[in-house]
Amino acid sequence: MTFKYLFQSVIDSGSLELDEFAICTLASLLLGAFIAFSYTIRNKRYSRSFLMTIAVLPVAVQGIISMMTIQGTVGAGIAVAGAFSLVRYRSAPGSAREICNIFMAMTLGFATAVGYIAYAIIFAAIIAAVNIIFNTVPTLSTSRTEKLLRVSIPESLDYTDVFDDIFEKYTSSHELIRVKSTNMGAVFQLSYEIKLKGGANEKDMLDEIRCRNGNLDIICARMEENDERL
């Protein structure tokens, strides 16, 4: 029976007492900090401001809902918390992984706001495990042979097949994913997703492309450096 009580809400009645609010707030802080820490494990692509967002968001959501609970309008609190969380997306959109973690941090805030601390702890452990797995398992990351290639060419070149022979020589697959006109139409910027052949020399490929595009800008980056926006 004692184990069963662990999964009951710490909020005993419809009214929220000060000690119950303190427990929920402390749990939100600790669990938010825990999932923020798990996001950094084996992951170098994060900012300090994002970690702070992840750590504080459960407390913000829990605080809004708790205040509404005191006034007896739980549904309004959930709606306000949802609208409040969208402010970041309008001002600074993040990657798909960042947005997913923000939604999970919000879920923690909902769980602690209604007093289900044990469920929140279990959910935080699941979030941490998923973050660590996706950051450490090599098969879940993009292959190092997959590249994002951006090449600038003069308007006189036909971009549809200008580099096909070079790609046939050095890549196992290539796809033109974007064409952008710059410098008032004098230059086209081509974006390719390519996969290098085993043993292919990336520098030799770039040298041949550079000779053909008139020594204009070339950028070759790992696929992880591309924007992963939702």
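The contact between helix 2 and helix 7 involves Ile23, Cys24, Ala27, Leu31, Phe34, Ile35, Ser38 and Tyr39 of helix 2, which meet Ile117, Ala120, Ile121, Ala124, Ala125, Ile127, Ala128, Asn131, Ile132 and Asn135 of helix 7; contact denotes heavy atoms within 4.5 Å. By class, this contact comprises 15 nonpolar, three polar and no charged residues, where Ala, Val, Leu, Ile, Met, Phe, Trp, Tyr, Cys and Pro count as nonpolar, Asp, Glu, Lys and Arg as charged, and the others, Gly among them, as polar. The model is predicted: local features require pLDDT of at least 70 and side-chain atom pairs count only at pLDDT 80 or more, whereas totals for chains, interfaces and linings use all residues. Residues are numbered from 1 along each chain as its sequence is written, and side-chain values use heavy atoms, with hydrogens and water left out.

Helix 2 (residues 18-40) and helix 7 (residues 117-136) pack at an angle of about 10°, their axes lying 8 Å apart. Helix 2 is therefore roughly parallel to helix 7, a term applied to angles under 35 degrees. Axes are lines fitted to C-alpha atoms, for helices over the stretch in contact, and angles run from 0 to 180 degrees between N-to-C directions. Helices (H or I, at least four residues) and strands (E, at least two) are DSSP runs, numbered from the N terminus.

An open sheet of four strands shows the order 2-3-1-4 with antiparallel pairing; two strands pair if DSSP finds at least two bridges between them.

Strand 3 (residues 187-196) is mostly covered, with seven of its ten residues buried, that is, under 20% relative accessible area (1.4 Å probe, protein chains only). Strand 3 pairs in the antiparallel sense with strand 1 (residues 146-154) over nine bridges. Within strand 3, Lys195 is the bridge partner of Glu146, and Phe188 stands opposite Ile153. Strand 2 (residues 171-182) also pairs with strand 3 in the antiparallel sense, over ten bridges, and Thr182 stands opposite Val187. The hairpin of strand 2 and strand 3 has four residues between the strands, and Asn183 adopts a positive phi near 50° there.

Conventions. Buried means under 20% relative accessible area, exposed over 50%, partly exposed in between (1.4 Å probe, protein chains only). Angles under 35 degrees count as roughly parallel, over 145 as roughly antiparallel, 65 to 115 as roughly perpendicular and the rest as oblique.
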